[in-house]
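Have a look at it first.

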2 protein chains.
Amino acid sequence: MRNIVVQKYGGSSVANTGRIQDVARRIVKFKRLGYKMVVVVSALGGTTDKLIELSRQITKYPSEREMDMLVSTGEQISVSLLAMAIHKLGEEAISFTGSQVGIRTDSSHTKARIIDVNATKILKELEKNRIVIVAGFQGVSLKQEITTLGRGGSDVTAVALAKSLNASVCEIYTDVDGIYTADPRIVKNARKLDKISYEEMLELASLGAQVMQPRSIEIAGRFKIPLHVRSSFNDKKGTVISEEVKMMEKVVVSGVTVNKNEAKITICDVPDKPGAAAHIFKVLADKNINIDMIIQNISRTGATDVSFTVNRDDLLKTIRTAKEISDKIGAEGVTSDDDIAKVSVVGIGMKTHAGVAAKMFTALAGKKINIGMISTSEIKISCVISRKKAQDAVKALHKAFNLSKKAIVKER
Amino acid sequence: MRNIVVQKYGGSSVANTGRIQDVARRIVKFKRLGYKMVVVVSALGGTTDKLIELSRQITKYPSEREMDMLVSTGEQISVSLLAMAIHKLGEEAISFTGSQVGIRTDSSHTKARIIDVNATKILKELEKNRIVIVAGFQGVSLKQEITTLGRGGSDVTAVALAKSLNASVCEIYTDVDGIYTADPRIVKNARKLDKISYEEMLELASLGAQVMQPRSIEIAGRFKIPLHVRSSFNDKKGTVISEEVKMMEKVVVSGVTVNKNEAKITICDVPDKPGAAAHIFKVLADKNINIDMIIQNISRTGATDVSFTVNRDDLLKTIRTAKEISDKIGAEGVTSDDDIAKVSVVGIGMKTHAGVAAKMFTALAGKKINIGMISTSEIKISCVISRKKAQDAVKALHKAFNLSKKAIVKER
């Protein structure tokens, strides 16, 4: 089928019934331009948090299977309301849960991965000239259990659908105008990027730009699905995420990001035996805990501290697990610190340009900001710093790399 | 499997997370006494109304399919929270939506009827020694659409499950201690009934006793499933609903009820041709509108008024439909009145005892209450009166039939 557009609307775009009606008008406008519309919707802004709060009133450690039953209701509410709003505008629309529409996942509750998407049902509804509305963030396991895809999972749903339906574009509607060189709330003269590559976006997202879910960008990149990140509050063009384009090669650093959603955990005095680290991270992986940075200090005394960062949501679970590991392997105990932030600079070509790291560390030092952990990749450098220094760090880095100007000339 | 108990908890029994934890404790107590527990839960008190209000903010005439998508989330929230609360008490529990557990219905959205229940999944979980928690009020159609069973549908779910699982009892937990001879909020000396027959309960329920859903009592009666209506706020014995027992034959009137949920609609000056009434009620039935009382005045002029009552929820839809019918058949138009109440006296043996109707009309006349419509059955007499006279009527009737005393002696 031709001309299929997948649109995804986040929680702030459907925060209340007024916003839902705005979104309905936008969808109907696209439909009347001749597009086949498939729309993925998140829960009404705040709903998921309210549901999580209910579970917290009952238990600190809810079953993940039951959490998925609980929070998946959020999207079911928004899709049905959006369908009603579209009906009112005189177009046919039908809403589906992830389960109904065949978004099949593995059984990792609260963090499920999509196995495949059965596009047949959607295509059949599109043939009937209907707008198809799909609950984001959720799927169904082979055992017919409701699963959810983790934070930002609605983006994953949208991209997976765009792939399965061979859509011409996947538009991600949000409450910002696009991707900026830094958070505009922190850096006043941050600049909106017209285009960005999947790789850069991936680093920006996983580092806390909080506009798109990293897994969704991975999938989009793998299948070359053009993404368009734009605002549901206006009609401005946003940022197109696609394959690397020529201009980008000339830019070294394309953005600065900060992530305040991580916490640091240290297992102290781990006996320095082969396989100790492997054991630690295998147990954590078995518990489905995603690790970000890892640092192991050099051992002088036959024991060593192993530090790593995890998402703050996983902190309690991780501490419990780390304590069990510590006891098992004869370490001295576990400490944790959630008063941290991770600042990063991102850019393609960074690796082939000397001095980016030096410039970053100098800029932080100039603001008397201590660096706790460092990690690097092909296209980013990240530093863990004190949480309260996060804003100063971002501002300093944005300035040091001159990001408020379109940098067509090579840096340094 | 032996010793299966089905318990149903209504919205007030799970009004908040504190109440959910109370309910969990009660369920676990039963479980530890050796019962196999299957629990049906309604939405948290007030949730369904909040969801309906959201839909109203968007449209007056929501698609019924989408309404089912929307409101079915209420029970999904409560079952998952209840499962968490039971886990916390150290027992295994698993929650299911109506769809997951195989409550198959027809496709009449918002008023679906159960076709059958696939008990296999539940029995399998019970064998694993788990408490099974099922979302009330909802099912799944053959097209895999989510359906709901209409007001009080959770009772229907509970009774249907009790039947399919061959349960030894179906307990209906609510916020009252049992079935009373009249609403204790209206009649101070109303008396709790220890036992009542399905037939009497059926009339009491369908007439607005609002404790149990009529369809659930029909099913229970058809399959002789003992029901026990009791409070989730204490451990008192409630009212057992079972086959007619000897004592009951001696009682003429067992209760007085009032229903304020109906509205009256009149199609004026309907041409007095054969098939006119048939046409009217066929069209209404096709729209899935349930009619309660019907009155057609005698025609002197070749045209006649047809009046009937419907549930107030269906009022807008019914007026629209009635207007279409009126245009089609050349009637003069449609009037409606939702300022009405229906009071009824109910009792087995009423038919074989003269004077019950006369006593009822006399009692109402004594309070200067006009009677609008009258309908009678084997075991009840109902009168439509002005809404504001409803309480007076109930008090007068309760007194006239001497219901505050256990009436073992025959009423006149």
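In which sense do strand 4 (residues 103-105) of chain B and strand 7 (residues 138-141) of chain B pair, and over how many bridges? They pair in the parallel sense, over two bridges. Strands here are DSSP runs of E of at least two residues and helices are H or I runs of at least four, numbered from the N terminus; two strands pair if DSSP finds at least two bridges between them.

A word on the ground rules: this is a predicted model, where local features need pLDDT of at least 70, side-chain atom pairs count only at pLDDT 80 or more, and totals for chains, interfaces and linings use all residues. Residues are numbered from 1 along each chain as its sequence is written, while chains are lettered from A and ligands numbered from 1 in the order in which they are written.

Back to strand 7 of chain B, which also pairs with strand 8 (residues 146-148) of chain B, this time in the antiparallel sense over three bridges. Those two strands make a hairpin with four residues between them, and Gln144(B) in the turn has a positive phi of about 65°. Here are two facing pairs:

| Residue | Stands opposite |
|---|---|
| Thr105(B) | Ser141(B) in strand 7 of chain B |
| Gln138(B) | Thr148(B) in strand 8 of chain B |

Now zoom out to chain A, with its 13 helices and 20 strands. The domain assignment (bounds from an automatic or database source) gives domain 1 (4-175) and domain 2 (246-412). Their centres, taken over C-alpha atoms, are 33 Å apart. The C-alpha atoms fill a box of roughly 75 × 55 × 35 Å along the principal axes.

How do the copies relate? A rotation of 180° with 0.0 Å of shift along its axis puts chain A on chain B, with an RMSD of 0.1 Å (least squares on C-alpha atoms of residues with pLDDT of at least 70 in both). The two copies are thus related as by a two-fold rotation axis. Thr73(A) comes closest to that axis among the residues of chain A, at 2.6 Å (C-alpha).

The contact (C-beta atoms, placed from the backbone, within 7 Å) takes 28 residues from chain A and 28 residues from chain B. On the chain A side, the elements giving two or more residues are helix 1 (17-32), helix 2 (47-58), helix 3 (64-71) and helix 4 (73-88). Helix 4 of chain A supplies the largest share, 11 residues.

Methods:
Contact = placed C-beta atoms within 7 Å.
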